[in-house]
Amino acid sequence: MQYIQAIIFIAVTLVTFYFFFKKGKEIYNNIQLGRSADIQNKGGLKSMILLALGQKKMFQNMIPAVLHLCIYVAFVITQIELIEIFLDGFTGSHRMFFHAVQGSMAGEGMYNFVISFIEVLSVLALIATVIFLVRRNLLRVPRFVMPEMNGWPKMDGNIILYWEIFLVFCIFLMNGADAALYPGKYGFLISDNIIAPMLSGFSEGTLHFMERFGWWGHILGVLAFLNYIPYSKHLHIMLAFPNAYYLEETPAGKVENMPNITNEIKAMFDPNFTPAPVSEEAANEKFGAKDATDLTWKNLLDAYSCTECGRCTDACPANQTGKLLSPRKIMMDTRDRIEEIGEGIKKEGKEFKDEKALLGDYISEEEVKACTSCNACVQECPVSINPLNIILQLRRYMILEEAKSPEEWNVMFNNIENNMAPWQFSPMDRDKWKEELEEAE
Amino acid sequence: MAEMMAAGKQPELLFWVGCAGSFDDRAKKITRSLAKILHACEIEFAILGQEEACTGDPARRAGNEYLFQMMALQNIATLDNYGIKKIVTACPHCFNTLKNEYPELGGNYEVIHHTRLIQDLILEGRIKMKEGGSFKGKKITYHDSCYLGRANGIYEAPRAVLEALDADLVEMKRCKTKGLCCGAGGAQMFKEEEKGSLRINQERTKDMIESKAEVVAAACPFCMTMLSDGLKEKESNVKVLDIAELIVQQNEL
């Protein structure tokens, strides 16, 4: 029986890891479809530790931060028990770590402490999960019920939460049944004291079945979850780390430069100017971004890192005043589009082309035009996603390639070009304020 | 600047007035206030006058990179021609562009926003704050400009100046990193907003009125326009004044 279980376990693990890495590779390839990014001053390990590991920016909102922290810490610490489950699974053993230390007071104490600690964290995570479900579905916190959340995104959010409840249930079923089978053997804080007494009426056979059900339920749940993550917004638990690492640390107000244009203008001012040689990629680049593949790989990594929490949209002045623009939707659309292109390339090869584009079919011009570049979305994002950067690239395409600017902007452009100011005033009047100052004095 | 150059003088500071500060009637008052402060502190400064041109900020944010870089390279040539080292400006948009975006195009200057300069001048004792001035004890709130605050991390300098006025500084519910935009950034100043339920400055006006402040302090000519319009529409008596204007009024410069 033990051998059969071990063989099944190994087979299931190998298959699920194969599919996980296969999808992971696809995502990696999709991110590589973006153009190169000129990240001059990346946040590096420091921002990875502060933002991803330390969740610094989550604490801009205290209540969700604490609830999220409960789930996060429980998830991380439970990995210790998961290591034991994996080792037990591969070798057909049962609680390998416990038996390795059995007989030693300190060893058993340590084991019981770790499992008890995980149990307490699991209860906290369970409470947080239930509150999250309530916030999403009953309290209907505004940022969870916006139009872009209809359908799959809403379901995705709930599936993850129900899944977490299932995983915690299995852990307690496993520990509780084990504790009921062997009273006094372990000293698990919650399972021994609360759950085992509840299970005391069951026969030994039933308890064995419960323990196995809990064990298999938990590990299969974890493996299935692992394969669900790359298709879900939950991918942030992995990609938040590289995304924080590659965060650009220049002042948020700085807009990315376009060296191609600098060369053109310098050549215009000075006929003797010879531009520095540019790479082929840069030379063929269109101005701005029309499709997801025109964005940088960092923009695409941003899109895959987004967990659709909506803090950006909640803070967006355009969205708050009823405009179509939602920074979260910009990120979701970008991810959907690059997934679609990735799928196409998988089927039809590198030459894949369809009639669609990010700008127009996913993101409308009206959305792009509504942005005030106020950086509130960038400020809010706990995992350092920059929707503004994408919006400005789409604007560049609209203006520079398609000349589709609102008439009022054309007037502004003409004024700047002819009068050196965005309004129609004579440049000769620029220092008039001085005369008025002298008059007053 | 040209006059100073002809006289063989090099000013310690260039005052970058900006388009709003040069042409907009309301913003011109801010320009004059800052000039008065600089005069009062006996700081020798110059302006580019008719040689100044739009930094290109609205063009760049509207997606017209071509026009932005034309303006930028032209301005850098002018600034370098005069050997400018240090620039002060009362416009956060000019500030951001000059400070963060010109270096990549070859223009390297020490750029300082006027709220920072005023804060320094107060700290150094060069602006002598009058005891019991007209703003003493008055409820004043400060509206964070996006291009000062989130874009460049300047939240404290304008507040420090307000504290020096001995005013009763109250915060709006959305302030500092969570400050709500006035609606003008990203070249929105130059076009109507897209279809929605409210204009952004109307949304911000609710915050201003709710704060019960008598004066809203601003540090940006675009915010000035947006906030004033929003309050006017509500027929509110709340006044919007720039940090420089507050200093001038308090000390009767």
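Q: Which side chains do B:Arg26 and its salt-bridge partner bring together, and at what distance?
A: The partner is B:Glu245, and the two side chains meet in a salt bridge at 2.8 Å, N to O. Keep in mind that this is a predicted model.

Q: How many salt bridges are there between domain 1 of chain B and domain 2 of chain B?
A: The count is one. As for polar contacts, seven residue pairs are found across that interface, both residues at pLDDT 80 or more.

Q: And which helix gives the most to the domain 1 side?
A: That would be α3(B), with eight residues on the side of domain 1 of chain B that touches domain 2 of chain B. By class, that side has 12 nonpolar, seven polar and eight charged residues.

Q: Where do the domains run in chain B, by the way?
A: The assignment puts domain 1 at 2-118 and domain 2 at 130-251. Their centres, taken over C-alpha atoms, are 23 Å apart, and the contact takes 27 residues from domain 1 and 27 residues from domain 2.

Q: How much area is buried between them?
A: About 2100 Å², with carbon and sulfur atoms giving 72% of it. On the domain 1 side, B:Arg26, B:His93 and B:Thr115 supply 25% of the area buried against domain 2, more than any other three residues.

Q: Staying with α3 of chain B, is B:Thr31 buried or exposed?
A: B:Thr31 sits in that helix, residues 25-40. It counts as buried because its relative accessibility is 3%, under the 20% cut-off.

Q: What does the side chain of B:Thr31 reach?
A: It reaches the backbone oxygen of B:Gly21, at 2.8 Å. Beyond its neighbours within four places in sequence, B:Thr31 is in contact with B:Phe15, B:Val17, B:Gly21 and, from the other chain, A:Trp433.

Q: Nice, that takes us to chain A. How many residues are in contact between the chains?
A: 62 residues of chain A are in contact with 69 residues of chain B. The area buried between the two chains is about 5900 Å², and carbon and sulfur atoms give 63% of that. In chain A, A:Trp433 is one of the three residues that lose the most area to chain B, along with A:Trp423 and A:Arg430; together they make up 14% of what that side buries.

Q: How many salt bridges between chain A and chain B?
A: Five. A:Lys254 forms a salt bridge with B:Glu104, where the closest N and O atoms are 3.1 Å apart.

Notes
Residues numbered from 1 in each chain as written. Chains lettered and ligands numbered in written order. Predicted model: local features only at pLDDT ≥ 70, side-chain atom pairs only at ≥ 80, totals over all residues. Heavy atoms only, no water. Helix = DSSP H or I, 4+ residues; strand = E, 2+ residues; numbered from the N terminus. Buried < 20%, exposed > 50% of the residue type's maximum accessible area, 1.4 Å probe, protein only. Polar contact = N/O pair within 3.5 Å; in protein donor to acceptor, adjacent residues only side chain to side chain. Contact = heavy atoms within 4.5 Å. Domains from an automatic or database assignment. Buried area = accessible area lost by both parts, 1.4 Å probe. Salt bridge = Lys/Arg side-chain N within 4 Å of Asp/Glu carboxyl O. Nonpolar A, V, L, I, M, F, W, Y, C, P; charged D, E, K, R; others polar.
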